[in-house]
Amino acid sequence: MKTDRLGYSQIGIISCIKNMRIDPLNLNGGVIVTMEWTEIDKVEGNIPSRRYGHTMVAYNRNFYVYGGYDDFGYKCNDLYEYRLALNCWKKIATLGEAPERYHHTAVVHEGSMYLFGGSVTDTTMASALYEY
């Protein structure tokens, strides 16, 4: 990602950036790490709707967002991929019936994404485990 600040390289996760400033005069290896929240702008592609209660996982230098609730209070069962190198979103077409979940957990293990639990309704919690 390009930046207008000389001497910086950006390493980021969607809406946060850890800025690393290279300082050749610093005796501690020349790298000073500062924590700073910075919105990543000019994102392209099929951007997911605003949501909450979703999960995000990392796999092969990409990030994946699943589920949650959207602005209108509808449960989401869609999967999006964010390609960090391209600063671009893509909606992933999945096979099978994807579960509508919010406030669930998700992990990636050996190439598969696993979803566990979460809420099905405001009063019903789930204990099912899904693999994608």
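1. Overall make-up. The protein has zero helices and 13 strands. Helices (H or I, at least four residues) and strands (E, at least two) are DSSP runs, numbered from the N terminus. In order from the N terminus, the elements read β-β-β-β-β-β-β-β-β-β-β-β-β.

2. Basis of the model. This is a predicted model, in which local features need pLDDT of at least 70 and side-chain atom pairs count only at pLDDT 80 or more, while totals for chains, interfaces and linings use all residues. Residues are numbered from 1 along each chain as its sequence is written, and side-chain values use heavy atoms, with hydrogens and water left out.

3. Surface and contacts. Of the 132 residues in the protein, 34% are buried. Buried means under 20% relative accessible area, exposed over 50%, and partly exposed in between (1.4 Å probe, protein chains only). The protein exposes about 9200 Å², and carbon and sulfur atoms supply 55% of that area. Accessible areas come from the Shrake-Rupley method with a 1.4 Å probe; for residues, only the protein chains shown count as cover. Among contacts with a separation of 6 or more, 33% involve residues 24 or more positions apart. Contact means heavy atoms within 4.5 Å.

4. Five strands make an open sheet in the order 4-10-9-7-6. The pairing is mixed. Its edge strands are strand 4 (44–45) and strand 6 (55–59), and each pairs on one side only. Two strands pair if DSSP finds at least two bridges between them. Strands of a sheet pair through backbone hydrogen bonds, either parallel or antiparallel.

5. Hairpin of strands 6 and 7. Strand 6 runs antiparallel to strand 7 (residues 62–66), with five bridges joining them. Tyrosine 59 has asparagine 62 of strand 7 as its bridge partner. Two residues lie between the strands of this hairpin. Asparagine 60 takes a positive phi near 50° there.

6. Strand 11 (residues 105–109) and strand 12 (residues 112–116) are antiparallel and share five bridges. Histidine 109 faces serine 112 of strand 12. These two strands also form a hairpin with two residues between them. In the turn, glutamate 110 has a positive phi of about 45°. Strand 12 then pairs antiparallel with strand 13 (residues 129–131) through three bridges. Here phenylalanine 116 has leucine 129 of strand 13 as its bridge partner.

7. Lysine 91. This residue sits in strand 10 (residues 88–92). Lysine 91 is partly exposed, at 44% relative accessible area. Tyrosine 64 is 27 residues away along the chain, and its C-alpha atom is 9.6 Å from that of lysine 91.

8. Aromatic pairs. Rings of Phe, Tyr and Trp (its six-membered ring) pair if their centres lie within 6.5 Å; planes under 30 degrees apart count as stacked, over 60 as edge-to-face and the rest as tilted. The count by this rule is five aromatic pairs. Tyrosine 52 and tyrosine 69 are a stacked pair, because their ring centres are 5.6 Å apart and their planes stand at 25°. Tyrosine 52 lies in strand 5 (residues 51–52) and tyrosine 69 in strand 8 (residues 69–70), so the pair ties together parts 17 residues apart in sequence. Tyrosine 52 is partly exposed, at 44% relative accessible area. Tyrosine 69 is buried, at 11%.

9. A further partner for tyrosine 69. The rings of tyrosine 69 and tyrosine 102 have centres 4.3 Å apart and planes at 45°, so this pair is tilted. Tyrosine 102 lies in the loop between strand 10 and strand 11, and tyrosine 69 in strand 8, so the pair ties together parts 33 residues apart in sequence. Tyrosine 102 counts as buried, at 4% relative accessibility.

10. Aromatic cluster. Phe63, Tyr80, Tyr82 and Trp89 make up one aromatic cluster.

11. Cysteines. Are cysteine 76 and cysteine 88 buried or partly exposed? Cysteine 76 counts as buried, at 6% relative accessibility. Cysteine 88 counts as partly exposed, at 22%. The structure holds zero disulfides. A disulfide is a pair of cysteine sulfur atoms within 2.5 Å.
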